[in-house]
Amino acid sequence: MAEERTPLISGNWKMHKNHFEAIQAVQKLHYRLGEEESDGVVVTVHPPFTDLRSVQTLIESDRMDIVLGAQDTYWESEGAFTGEVSPTMLAKLDVAYVIVGHSERRQFFGETDETVNRKASATLAAGMTPIVCCGETLEEREAGEAERRVEHQVRAGLAGLSATQVGGLVVAYEPIWAIGTGRTATSEDAQTMCAHIRSVVADAWSAEAAATVRVQYGGSVKPGNIAELMAQPDVDGALVGGASLDPDEFAAIVQFRQH
């Protein structure tokens, strides 16, 4: 892992925790993280939309070293888009990172590389950092199409962005075939694809962008495998799902250097 790329560990809560539960979870996480140094790791939590204001207030009032994130956004700043939440609304809540194009959004809600691109651009325009997700299915992997599929997602999802913009954002590699299937990706699998993503950025934008873009790994990350994953040279962090719901587990992941 390059020195200039600060590790980023993000907890994606998905559709879990009401705002009361969210407050308790963040308080407990803050307590756990305060027991040991986090060694310069940036920690983000991504609660459901209904929890954001409560968590924002808590982080600010207690001066927590935790960064607020969102799970999704729409690309327009306002308008007749029932049920959507705009980037400018999120920015007003001091959201710093927004997950864009998560595999579940693509699978269940029909998101395409084009909509991911529009959301990433709108997130940047609102002054926030997108965490742009990519990853292949089991069928694509078994067909030998994994690298080609991920390259297409990266190029299409970040199309039109400048090298400076790409160098400052986050790409999260999610091997869809290893999420909730019982199959596990090895640290070598993670390294191979994260290195591939970096090479795509170098080819499509610049070597400078490739050197600074942070590439997270997201696929059944747990306290038992985080240190091995983070030891890989092109893995700059983790997008954590289920394990982030438990403050003890998530704190152990953040403090991977102490275990």
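The second largest pocket holds about 210 Å³ of space, where a pocket, on a 1 Å grid over the protein atoms alone, is an open set of points where a 1.4 Å probe fits, with protein on both sides within 12 Å along at least five of seven lines, and where the volume is the space filled by probe spheres set on the points, which are joined across faces, edges and corners. Of the 16 residues that line this second largest pocket, those closest to its centre are Lys 14, Ser 220, Val 240, Gly 241 and Gly 242, and a lining residue has an atom within 4 Å of a point. By class, the lining of the second largest pocket divides into five nonpolar, eight polar and three charged residues, with Ala, Val, Leu, Ile, Met, Phe, Trp, Tyr, Cys and Pro counted as nonpolar, Asp, Glu, Lys and Arg as charged, and the others, Gly among them, as polar.

Please keep in mind that this is a predicted model, in which local features need pLDDT of at least 70 and side-chain atom pairs count only at pLDDT 80 or more, while totals for chains, interfaces and linings use all residues. Residues are numbered from 1 along each chain as its sequence is written, and side-chain values use heavy atoms, with hydrogens and water left out.

The largest pocket has about 490 Å³ of space, and among its 18 lining residues Met 15, Gln 71, Asp 72, Arg 105 and Phe 109 lie nearest its centre. Helix H4, residues 103–109, gives the most to this lining, with four residues; helices (H or I, at least four residues) and strands (E, at least two) are DSSP runs numbered from the N terminus. The lining of the largest pocket has eight nonpolar, five polar and five charged residues.

Turning to the sheet, eight strands close into a barrel in the order E1-E2-E3-E4-E5-E6-E7-E8, with parallel pairing, and two strands pair if DSSP finds at least two bridges between them. Strand E2, residues 42–46, is joined to strand E3, residues 67–70, by two bridges, and Thr 44 has Val 67 in E3 as its bridge partner.

Not counting residues up to four places away in sequence, Asn 117 touches Ala 156, Gly 157, Leu 158 and Ala 159, contact meaning heavy atoms within 4.5 Å.
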